Amino acid sequence: LSLERFVGFLTSRGRLISIGALLLVTLLFARAALEVGVERGTESMQADDPVQRETYAAFTKRFGSDDLLLMSVTHPRLLHGDGLMLLDALSRRIESLPGVARVRSLTHLDEIVPGAGGATPTPLVPRPLSRTSLPEPIEAALDRNPQWTDLLVSEDRRTAGITIEVETSSTDPDLSLRLIDTLRGMMREPAYAESELHLTGIAAQKHDVARFIERDQILLLPLSGLVLATALAFVFRRKSGVLLPMLVTAATLVWTLGLYALTGHELNIITSLLPPVIMVLAITTSMHLYQRWIVLARHIEPGPELIHRVVWSLLGPCCLAGITTAIGLASLGVSDIPAVRQFGLFAAAGILVSLLLNFTIMPIGLSFLRPRPKRHVGSGDRTGRLLSSFAAISLRRPLLVLGLTAMVAITGVAGMRQVRNNTDLVRFLSTDSELYRDTIYIDDHLTGSNSLELMLERRDGAPLTALEDVRRIAALQEGLLELDEITAGLSFVDLIRQLHRAEQEASELRLPIDSDDLLYCFDLIEAADAQDDVARLITPEFTAARVSIRLHAIGTSQAQRVLERIDGIARATLGPDYLLQPAGSFYQLTLDSNRLVYSQLRSFMLALALVLLVMGLVFRSTKLLLAATIPNLLPIVSTAGLMGWLGIDLSTATTMIASVAIGIAVDDTIHYVARFRAEQRHGNIRAIRRTTLGTGRVLVMTSTVLALGFWVGAFSSFRPTVYFSLLTGVTILLALASDLLVLPACLHLLRPRPSGENSVA
Amino acid sequence: VTLVCAQDAVQHRAFVPSTEKPQGEVCLIARDGGTVVQTLLYSKVLKRAVGKIVEKEGRNWPEAKPGHEDSIRYTEALVAAREEIVAAFADRQDRSERRQALLIEFVLIDEEASVVLAEPQVAVDGADWRILDRRELTLLEPSVDYVRQNMRLIAADALGLDPEQAERAIP
């Protein structure tokens with residue numbers, strides 16, 4: 001009765017008040033939504049792990065930021081006068097740019113040579129530079145200092161590197177973004193036409209991610225709207241059938257994004273998917289309501305009674321479907337990755353908002369309309385014929401259907417075993433993107449584009465100044481350089497070798513063998529003028545050292561294996577008296593990626609348990625619950641298998657598929673079971689046939705629209721988002737097929753008893 | 001504790017190259033009616049510190065400049081003194097002590113000039129260094145002009161005196 005009163009109020013005397021209230025709230029949310037920012041970085045992709053954060057903080061406190069940009073300069077006469085002058089001019093220009101803390105290149109580098117007072121730093125490239133300078137002295141200097149090859153100059157000595165330390169500004173978060181724009185602008189200048197310039201690094205990655213998110217918002221949102229409107233026009237062939245659902249969808253989007261902005265969040269790689277996903281998820285309830293309005297209008301006169309019946313018949317299934325979808329999404333809230341958590345929680349909130357708006361805007365909107373007589377659609381059209389054959393197969397050959405289901409599941413499980421857990425931020429981007437091309441170029445021609453930092457100290461806290469310490473660290477470094485994935489390494493040991501050579505006026509780089517000689521090298525380090533350089537390698541008390549490693553552009557899966565091998569080498573070379581802690585952005589990403597699987601598995605299991613619990617409570621029938629579980633697990637297993645067979649990696653985005661899809665897939669089951677129970681009075685076989693033909697049609701419509709809506713994400717700038725969108729769409733269609741074939745077959749075989757009262761429908 | 005020169009009156013003093021990481025201390029001293037620029041090198045990298053002095057001498061006293069010969073004799077004596085100290089240091093008893101000391105005094109009293117190189121015994125008292133004793137290694141008697149000019153250059157470089165102040169302090 002209260003529902004009737006509420007609907008009556010919405011559709012008659014309270015109509016204008018309700019419209020005014022909805023408009024006012026929507027405008028307030030719209031104001032906030034328009035100001036939603038875009039994250040200037042990838043912080044939200046890093047797990048909330050206090051230990052990890054502390055280690056990274058300790059690293060940056062001791063050795064400074066690992067946030068480096070690397071620009072490569074390929075020049076046909078790199079070590080000749082003209083090549084070096086270009087490199088020098090470029091390095092100086094970059095050094096003068098706002099946002100640059102420090103620059104290092106062949107022309108901005110010292111070597112240590114014997115001098116009047118012993119080891120003396122002197123420029124690696126002698127000054128003054130001249131166009132006619134010959135390359136031999138520089139080549140000899142590079143031969144004397146092999147530590148710079150594969151780090152600041154390539155082995156073929158045609159490509160040089162400029163490392164750019166980016167300044168962090170708390171007052172100007174866009175400083176590094178502008179720096180990237182300036183650098184890329186410089187790279188395109190005619191003055192550098194003779195050389196080939198490329199730029200990579202964490203700051204460039206952050207810059208491009210922010211730009212791509214902005215680009216995706218501009219592209220995906222209107223595209224989603226267009227696809228949904230087209231699909232609605234195709235399905236309903238009425239203006240109101242397009243306008244009303246689109247109105248609800250737009251309002252849901254505004255409310256959810258407004259909420260997102262008001263709670264202080266910014267869009268990131270993952271939450272940039274929220275707008276299209278919200279739009280898609282919000283539209284299904286509108287479609288159910290509109291379709292039911294059309295169907296019931298054949299039997300009931302237009303007016304409050306018709307709208308009340310529409311709302312009454314769908315409130316239960318739609319709320320249940322909405323809640324299960326929200327549970328699936330909200331289960332992502334247990335993720336360690338803030339971006340995933342935000343996506344799950346706000347998408348769940350969006351679903352609940354969409355329920356609220358669907359059951360207010362739709363009744364109000366429908367109250368303005370008079371249904372047009374529509375030709376009765378039975379089993380004669382293409383969809384009807386397809387549904388009839390589905391019903392026939394599931395009723396006549398239920399065991400065959402279940403046998404095939406088992407085969408698909410087995411194939412899926414076999415594929416699942418091949419799924420690789422891998423996050424590769426560079427390969428997240430399209431191969432056409434500037435950052436991808438630049439990173440791969442630098443990786444191929446100069447040095448590894450990833451950096452891994454190792455923080456080393458003695459467990460007893462003593463300084464690392466003993467001969468044994470230095471020998472062990474040198475052995476560690478040599479062992480690491482034998483790994484194929486590691487291109488270069490640098491530590492204070494390289495500095496000790498240079499100092500010792502200069503002190504001994506020797507020609508070869510060797511470590512001191514006498515303790516006094518070694519201590520003297522440390523004394524020289526302590527007294528060195530370039531304390532900034534020293535501080536990046538070892539702490540002032542010599543108690544903690546940094547071993548910086550360049551790694552090829554590998555994903556986190558391979559990086560995990562490298563980390564394990566590093567651990568093995570460290571155990572063998574350092575022994576138990578030393579503590580080696582990996583640190584740095586790339587290490588964090590690897591850790592995050594590798595525990596993502598467990599986190600997402602937890603999230604999925606939670607979603608599954610909650611969804612089954614809700615369905616069990618509503619259905620109150622073990623047989624119905626069992627019948628509903630099989631067709632919902634099948635699409636998840638199939639999609640996971642498909643990922644394995646197609647070689648699609650499990651990454652931040654793709655691990656969300658299961659939790660998102662289970663919530664959506666179960667919606668069709670709920671609508672099917674609700675109708676089945678309502679039809680059970682005609683007997684199970686007739687109920688299944690009538691449900692498949694009746695509800696099946698709406699399910700085909702909504703699932704197709706949902707899949708199309710998700711597939712819009714294929715135009716995203718990020719590959720995992722593309723995979724997420726495509727695979728979620730595929731999962732939805734698999735869930736539809738499962739609900740129309742496997743669910744009826746299960747219901748036919750299990751023969752659940754009719755309930756005394758229809759609790760869902 | 002016995003002060004080596006009880007009558008010394010320190011007029012200016014400064015750690016070099018910086019107070020945070022001192023490798024030596026330069027003092028402008030009034031002694032017996034004359035002026036002394038005293039440089040106490042007390043450093044783990046004495047070779048480097050002496051090397052810096054040799055470099056500066058080379059820049060300040062090029063071949064064509066009067067005083068060049070005095071400078072050469074001074075730097076040669078300085079390097080020899082450093083080598084002697086380093087050799088003695090290698091045989092030291094206290095292996096934990098890594099600092100080596102070398103005292104250089106440019107003395108100008110009654111228009112008589114000398115340069116003294118000595119191995120001092122240094123006591124560290126908080127942030128202060130005190131010379132307890134000294135073993136003279138070399139006594140040079142260069143020209144008065146060379147010594148005066150060098151004292152002014154050291155005062156300007158290490159004590160931050162401008163040319164006029166240096167001239168007044170070292171007449």
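The legends below describe close-up views of a predicted model.

**View 1. The interface of chain B and chain A.**
The size of an interface is often given as the accessible area lost when the parts come together. For chain B and chain A the buried area is about 1,300 Å², with 43% of it on carbon and sulfur atoms. On the side of chain B, B:Lys47, B:Arg48 and B:Arg98 supply 44% of the area buried against chain A, more than any other three residues. In all, 12 residues of chain B are in contact with 14 residues of chain A.

**View 2. Salt bridges and polar contacts between the chains.**
Six salt bridges are found across the interface of chain B and chain A. The side of chain B that touches chain A consists of eight charged, two polar and two nonpolar residues. One salt bridge joins A:Asp529 to B:Lys52, with the closest N and O atoms 3.3 Å apart. Eight residue pairs between chain B and chain A are in polar contact.

Strand S3 (residues 34-43) of chain B runs antiparallel to S4(B) and is joined to it by nine bridges. In this pairing, B:Gln38 has B:Glu105 as its bridge partner. Strand S5 (residues 112-125) of chain B also pairs with S4(B) in the antiparallel sense, over seven bridges.

**View 3. The hairpin of S4(B) and S5(B).**
Two residues lie between the strands of this hairpin. B:Asp110 has a positive phi near 50 degrees here. B:Ile109 stands opposite B:Glu112 in S5(B).

**View 4. Two cis peptide bonds.**
Most peptide bonds are trans. The bond from A:Arg127 to A:Pro128 is cis, with omega near -5 degrees. A:Pro128 sits in the loop between strand S5 (118-123) and helix H5 (136-144) of chain A. In chain B, a cis peptide bond joins B:Val16 and B:Pro17, with omega about -5 degrees. The place of B:Pro17 is the loop between strand S1 (9-16) and strand S2 (24-31) of chain B.

**View 5. Positive phi in two loops of chain A.**
Most residues other than glycine have a negative phi. A:Asp150 has a positive phi, near 75 degrees, and lies in the loop between H5 and strand S6 (159-166) of chain A. Its relative accessible area is 17%, so A:Asp150 is buried. A:Glu505 has a positive phi near 50 degrees and belongs to the loop between helix H16 (492-504) and helix H17 (515-527) of chain A. A:Glu505 is exposed because its relative accessible area is 60%.

Methods. Residues are numbered from 1 along each chain as its sequence is written. Chains are lettered from A and ligands numbered from 1 in the order in which they are written. This is a predicted model: local features need pLDDT of at least 70, side-chain atom pairs count only at pLDDT 80 or more; totals for chains, interfaces and linings use all residues. Side-chain values use heavy atoms; hydrogens and water are left out. Contact means heavy atoms within 4.5 Å. Buried area is the accessible area (1.4 Å probe) that two parts lose on being put together, summed over both. A salt bridge is a side-chain nitrogen of Lys or Arg within 4 Å of a carboxyl oxygen of Asp or Glu. A polar contact is a pair of N or O atoms within 3.5 Å; within protein, one must be able to donate a hydrogen and the other to accept it, and residues adjacent in sequence count only if both atoms are side-chain atoms. Ala, Val, Leu, Ile, Met, Phe, Trp, Tyr, Cys and Pro count as nonpolar, Asp, Glu, Lys and Arg as charged, and the others, Gly among them, as polar. Two strands pair if DSSP finds at least two bridges between them. Helices (H or I, at least four residues) and strands (E, at least two) are DSSP runs, numbered from the N terminus. Buried means under 20% relative accessible area, exposed over 50%, partly exposed in between (1.4 Å probe, protein chains only).
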